[in-house]
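Please find below a colleague's note on the structure shown here.

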Amino acid sequence: MARKIKTTKSPEERRAEAEGLHATIAEQVEELRTSEAWTRFLTFAQAFHRYSLNNLLLILAQKPEATSVAGYRTWQKLGRQVRKGSRGIRIFGGRDVRETVEDEQTGEEKEQRRVRFFPVSVFDISQTDPIDPEADDPSTLAQPLTGNDPAGIFDAVADYLTGKGWTIEREPIDGAPNGYTDPEARRVVIDADLSPAQAAKTALHEAAHVELHAEEDHAEYVEHRGVKETEAESVAYIVAGILGLDTSAYSVGYIAGWSKCEPETIKATAANVLRAAHTLADAITEPAEATEAA
């Protein structure tokens with residue numbers, strides 16, 4: 001029998017609360033835009049290249065949990081050192097080259113510029129460590145959650161995903177990622193070292209990906225990853241909040257980073273977010289009537 005969370009809230013009350021929680025995300029992100037933390041993060045984010053769709057697909061095929069990717073020396077300039085023995089993610093780099101060619105029509109020589117592509121190695125932030133551990137880390141706005149999961153959110157989500165034909169496992173994950181979803185294998189992985197509260201929130205986040213994005217074309221997900229991550233974390237924040245777990249210390253910064261701190265992006269996702277939040281909340285809680293009859 002699937003484990004569910006007992007609640008005295010009716011479905012209507014949960015829906016009203018979900019709408020209120022979603023509205024607070026945009027408000028808190030708007031406040032974050034004026035903070036020093038956002039300025040540091042923006043400076044950090046501007047150091048990264050905009051990779052082509054093909055390179056993004058290569059990155060996620062080799063390391064699906066990757067978040068921030070750069071070359072070895074770029075990481076050093078950002079105050080981080082690639083860990084010894086880390087395996088590089090192979091993508092294609094491009095360099096402008098000039099060459100002299102003969103014009104087929106006139107026979108005259110002319111200079112031509114083209115891009116020459118060649119394989120290069122890049123590394124995810126999870127494969128790096130701070131060169132100065134005591135320095136402020138501008139790479140993240142999200143603070144890991146501490147504490148317990150008294151409502152049993154993780155177990156309820158695990159049973160829900162299992163019932164949908166997915167597996168959910170706790171395994172060590174190197175570096176920054178707390179979890180990831182593998183649609184092809186129908187598998188969700190949550191970092192084994194997370195606190196119970198963080199594991200519960202991450203389980204909700206990955207369950208939101210299952211609900212919203214698992215059936216999408218992979219290229220579509222990669223091309224619009226910022227929106228997809230904004231949606232998944234918004235769902236996690238809302239459902240956790242309904243169940244009494246405040247994840248704002250982590251969720252607001254995470255959503256700000258992926259949405260580029262644009263409240264309009266958050267508002268534009270409302271329909272998808274609320275639909276998935278209602279589905280998850282209904283699935284992992286017992287109706288008020290069942291609770292009263294117990």
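Predicted model: local features only at pLDDT ≥ 70, side-chain atom pairs only at ≥ 80, totals over all residues.

1. In soluble globular proteins, nonpolar side chains tend to be buried together.

2. Leaving aside neighbours within four places in sequence, Ile238 is in contact with Ala18, Leu21, His22, Val273, Leu274 and Ala277.

3. Helix α5 (residues 153-163) is mostly covered, with 8 of its 11 residues buried. These buried residues are Ile153, Phe154, Ala156, Val157, Ala158, Asp159, Tyr160 and Leu161. After α5 comes Gly165, which has a positive phi, near 90 degrees.

4. Across the whole structure, a search finds 3 aromatic pairs. In the pair of Tyr250 and Tyr254, the ring centres are 5.7 Å apart and the planes lie at 25 degrees, so the pair is stacked. Tyr250 and Tyr254 are separated by about one helical turn because they are 4 residues apart in helix α9. Tyr250 counts as buried at 11% relative accessibility, and Tyr254 is likewise buried, with a relative accessible area of 18%.

5. The rings of Tyr254 and Trp258 have centres 6.4 Å apart and planes at 50 degrees, so this pair is tilted. Tyr254 and Trp258 are also 4 residues apart in helix α9, and therefore about one helical turn separates them. An α-helix has 3.6 residues a turn, so residues three or four places apart point the same way. Trp258 is partly exposed, with a relative accessible area of 22%. Tyr250, Tyr254 and Trp258 together form one aromatic cluster.

6. The second largest pocket has a volume of about 410 Å³. It is lined by 21 residues, of which His49, Tyr51, Phe92, Gly93 and Gly94 are the closest to its centre. Two or more lining residues come from each of α4, β4 (89-102) and β5 (109-124), and β5 gives the most, with 5 residues. By class, the lining has 11 nonpolar, 8 polar and 2 charged residues.

7. Is Gly79 buried, partly exposed or exposed? Gly79 counts as partly exposed, because its relative accessibility is 31%. This residue lies in the loop between α4 (72-77) and β3 (80-82). Not counting residues up to four places away in sequence, Gly79 touches Asp129, Pro130, Ile131 and Asp132. The C-alpha atoms of Gly79 and Ile131 are separated by 5.5 Å, although the two residues are 52 residues apart along the chain.

8. Lys84 is placed in the loop between β3 and β4. With a relative accessibility of 87%, Lys84 counts as exposed. Lys84 and Thr128 are 44 residues apart in sequence, and their C-alpha atoms are 8.9 Å apart in space.

Conventions: Residues numbered from 1 in each chain as written. Heavy atoms only, no water. Buried < 20%, exposed > 50% of the residue type's maximum accessible area, 1.4 Å probe, protein only. Contact = heavy atoms within 4.5 Å. 1 Å grid on protein atoms, 1.4 Å probe; cavity = no way out; pocket = protein on both sides within 12 Å on 5 of 7 lines; lining within 4 Å. Points joined across faces, edges and corners; volume = space filled by probe spheres on them. Nonpolar A, V, L, I, M, F, W, Y, C, P; charged D, E, K, R; others polar. Phe/Tyr/Trp six-rings, centres within 6.5 Å; stacked < 30°, edge-to-face > 60°.
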